[in-house]
Amino acid sequence: MSEALAHEANMRLALAEAERARAAGEVPVGAVVILDGRVVASGFNNPIGSIDPTAHAEVVAIRAAARALDNYRLTGCLLYVTVEPCLMCVGAMLHARIAHVVFGAPEPRAGALVSSCRAHETPGLNHRLAVTGGVLEEECRRLIQSFFEAKRL
């Protein structure tokens, strides 16, 4: 399978996680952690349900992956997320040593990879993170926009 097809297939898994968040009344963001072509863990936004402000999809997936791999270092892992991660989530990815993050839709206000800042390029960091954006961007954007449009009604 080509890299582009693998990115799309894995982003569809993240979109399914985002739908789980939406069904739970949470902001629909989903994430999946992949290692050597297999799903290690997944997660969806759950700060309301878990009463935890850090329970963003990325952090939930990273925590689950660390437990699944019995290692707090997720070296070699790819993280797929439907919306560009915030500063907190980028920090978690760097501390976990995620190798590559792939996101769907940019987040113009709080996105910390390409939109509001490039947090992963901060001088002095001892880990570097590869970034790919725009995978299934329209589908990811539609999901988040439709959620907020429904909230405004």
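Predicted model: local features only at pLDDT ≥ 70, side-chain atom pairs only at ≥ 80, totals over all residues.
Between the C-alpha atoms of G91 and S115, which are 24 residues apart along the chain, the separation is 16 Å. After α4 comes R97, which has a positive phi, near 70°.

## The largest nonpolar core

In soluble globular proteins, nonpolar side chains tend to be buried together. Here the largest nonpolar core has 32 residues, and those touching the most other members are L74, L79, M93 and I98. Two or more residues come from each of β1 (30–35), β2 (38–44), α3, β3, α4 and β4. The greatest contribution to this core is that of α3, with 7 residues.

Which residues does L74 touch, if those up to four places away in sequence are not counted? The contacts of L74 are I62, A65, A66, L69, A96, R97 and I98.

## The loop between α3 and β3

R73 is located in the loop between α3 and β3. With a relative accessibility of 27%, R73 counts as partly exposed. Leaving aside residues up to four places away in sequence, R73 touches H95, A96 and R97. R73 and L94 are 21 residues apart in sequence, and their C-alpha atoms lie 9.7 Å apart in space.

D70 is placed in the loop between α3 and β3 as well. Its relative accessibility is 71%, so D70 counts as exposed. The phi of D70 is positive, near 55°, in a residue other than glycine.

## The loop between α2 and α3

I51 is found in the loop between α2 (47–50) and α3. Is I51 buried or exposed? At 76% relative accessibility, I51 counts as exposed. Its phi is near 50°, again a positive value in a residue other than glycine.

## Packing of α1 against α5

Helix α1 (residues 3–23) packs with helix α5 (residues 137–152) at an angle of about 5°, and their axes are 11 Å apart. Because of this angle, α1 is roughly parallel to α5. On the α1 side, the contact involves M11, R12, L15, A18, E19 and R22, which meet E139, C140, L143, S146 and F147 in α5. By type, the residues of this contact divide into 6 nonpolar, 1 polar and 4 charged.

## A second core

Apart from the largest core, whose members include L74 and M93, there is a second, separate core of 13 residues, including M11, L15, V32 and C140. Of these, M11 and L15 in α1 and C140 in α5 also take part in the contact of the two helices.

Key: Residues numbered from 1 in each chain as written. Heavy atoms only, no water. Helix = DSSP H or I, 4+ residues; strand = E, 2+ residues; numbered from the N terminus. Core = buried A, V, L, I, M, F, W, Y, C linked by side-chain atoms within 4.5 Å. Buried < 20%, exposed > 50% of the residue type's maximum accessible area, 1.4 Å probe, protein only. Contact = heavy atoms within 4.5 Å. Axes fitted to C-alpha atoms, helices over the stretch in contact; angles between N-to-C directions. Parallel < 35°, antiparallel > 145°, perpendicular 65-115°, else oblique. Nonpolar A, V, L, I, M, F, W, Y, C, P; charged D, E, K, R; others polar.
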